[in-house]
Amino acid sequence: SALPFSKRESAPLVQVLTHEKLRHHMVLSEAVEARFMRIEKEYAARTRLALYGLRTRNRILLYGPPGCGKTLGSERLAWATGLPMHRVRFDTLVSSYFGETARNLQRVFDDAQKRPCALVLDECDTIARSRTEGNDVGEIPRIVNMLLQLLEDFGSEGMVMAATNISGSLDKAMFRRFDEVIELPKPSLREIKRLLKVSLSSMKNEIGLSLDDFAMKMEGQAFSEIVKVVQNAAKRCVLA
């Protein structure tokens, strides 16, 4: 069936990422990895859990600095559960017409209820800002109230995942609507070493090459920045 679309703009409200396009390899701390694994195991055993009246964690909030794996984490969960990933397009969902944004949001969640998917609200602070900011004309509280209710009523066999870089700007009630709230911080020195090793695994390395010095120089950087540096170094070696 057709994807949900904005009636005023006649444009799709979600972008679909098929299973083969999803990334899923991540380097995480043991504590964060365990939380991801728990979500994936619960989804796999959802029928068995339902026999005991237990509900799986299917409303996930990921937050942390830019470049630390929030988008990748949502892709991983979609890949591991086998669900098609529907990423909300805020460029068409948010409208300048009063009430249109809330109606578009309702269409997106209605579709996710009928068609199980991994619904992703990337940069969710766009529509989930605190209702106490006081610099709006009534539309923001209305949208936030609807989002809170839609999350509360979400009962699909799919998942809904939200991600934000600025968790401090989210409405406080938003955190209570999620089954799992996971912080994705910048990598520790140990995780940087693992990331370097994985990123260079396809290349032949000099005998006795130690990655410790490189890891120490990259301490404090985000995952995406480290991967970019490693890929640039690898490309220089190939071209040379």
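Which element gives the most residues to the lining of the largest pocket? The answer is H10, with 5 residues, and the paragraphs below place this helix in its surroundings.

The structure is a predicted model, in which local features need pLDDT of at least 70 and side-chain atom pairs count only at pLDDT 80 or more, while totals for chains, interfaces and linings use all residues. Residues are numbered from 1 along each chain as its sequence is written, and side-chain values use heavy atoms, with hydrogens and water left out.

Helices (H or I, at least four residues) and strands (E, at least two) are DSSP runs, numbered from the N terminus. Two strands count as paired if DSSP finds at least two bridges between them. By these rules, 6 strands make up an open sheet with mixed pairing, in the order S3-S5-S6-S7-S4-S8. Its edge strands, S3 (14-17) and S8 (180-183), each pair on one side only. On average, neighbouring strands of the sheet are turned by 20° against each other, direction ignored. Axes here are lines fitted to C-alpha atoms, for helices over the stretch in contact, and angles run from 0 to 180 degrees between N-to-C directions. Strand S4 (residues 59-63) pairs with S8 in the parallel sense over 4 bridges; Ile-60 has Glu-180 in S8 as its bridge partner.

Two helices lie across these strands. Helix H1 (residues 30-44) lies across S4, S7 (159-164) and S8, and runs at about 150° to S8. Helix H3 (residues 70-81) lies across S3, S4, S5 (85-88), S6 (118-122) and S7, at about 165° to S7. H1 and H3 also pack against each other, at an angle of about 35° and with their axes 10 Å apart. The contact (heavy atoms within 4.5 Å) involves Glu-33, Phe-36, Met-37, Ile-39, Glu-40 and Tyr-43 of H1, together with Gly-73, Arg-76, Leu-77, Ala-80 and Thr-81 of H3.

The axes of H8 (189-199) and H10 (223-239) come within 10 Å and cross at roughly 40°. From H8, the contact takes in Glu-191, Ile-192, Leu-195, Leu-196 and Ser-199, and from H10 Phe-223, Ile-226, Val-227 and Val-230. These residues divide into 7 nonpolar, 1 polar and 1 charged. In this count, Ala, Val, Leu, Ile, Met, Phe, Trp, Tyr, Cys and Pro are nonpolar, Asp, Glu, Lys and Arg are charged, and the others, Gly among them, are polar.

Now to the pockets. On a 1 Å grid over the protein atoms alone, a pocket is an open set of points where a 1.4 Å probe fits, with protein on both sides within 12 Å along at least five of seven lines; lining residues have an atom within 4 Å of a point. The largest pocket holds about 680 Å³ of space. Its lining has 23 residues, and Arg-23, His-25, Leu-72, Phe-223 and Val-227 are the closest to its centre. By class, this lining has 10 nonpolar, 9 polar and 4 charged residues.

The second largest pocket has a volume of about 320 Å³. Among its 15 lining residues, Leu-200, Val-230, Ala-233, Ala-234 and Cys-237 lie nearest the centre. H10 again supplies the largest share of this lining, 6 residues. The lining divides into 12 nonpolar, 1 polar and 2 charged residues.

Note on methods:
Points joined across faces, edges and corners; volume = space filled by probe spheres on them.
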